[in-house]
Amino acid sequence: MQATSYTYDSETRRGSVLLDDGTPVEFDAAAFDAGGLRLLRPGQRVRIETEGTGAGLRITLVTLQTL
């Protein structure tokens, strides 16, 4: 799934993305670390992997979207 980086805190390695429908979804340090990223800037296009649905949607991986 693709999303757009919305917020990111480099100290906690937590943040949020916006899904294509505008829904914000938060991610934790474990999801950020799983993607092997060192930094994330607002507005970057990212690829995410998720578990669950609806209110239980959880991001398990955040990485850069490559073409």
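Asp 9 stands opposite Arg 14 in β2. That pair belongs to strand β1, residues 2–9, which joins β2 in the antiparallel sense over six bridges. A strand here is a DSSP run of E with at least two residues, numbered from the N terminus, and two strands pair if DSSP finds at least two bridges between them.

Before I go on: this is a predicted model, where local features need pLDDT of at least 70, side-chain atom pairs count only at pLDDT 80 or more, and totals for chains, interfaces and linings use all residues. Residues are numbered from 1 along each chain as its sequence is written, and side-chain values use heavy atoms, with hydrogens and water left out.

Back to the hairpins. Between β1 and β2 there are four residues, and Arg 13 takes a positive phi near 60° in that hairpin. The hairpin of β2 and β3 also has four residues between its strands, and there Gly 22 takes a positive phi near 90°.

Strand β2, residues 14–19, runs antiparallel to β3, with four bridges joining them. Across that pairing, Gly 15 stands opposite Phe 27, and Val 17 stands opposite Val 25.

Now the whole sheet. What is the order of its five strands? It reads β3-β2-β1-β4-β5, in an open sheet with antiparallel pairing. β3 (24–27) and β5 (58–64) are at the edges with a single partner strand each, so one side of each has no neighbour in the sheet. On average, neighbouring strands are turned by 40° against each other, direction ignored; the axes are lines fitted to C-alpha atoms, and angles run from 0 to 180 degrees between N-to-C directions.
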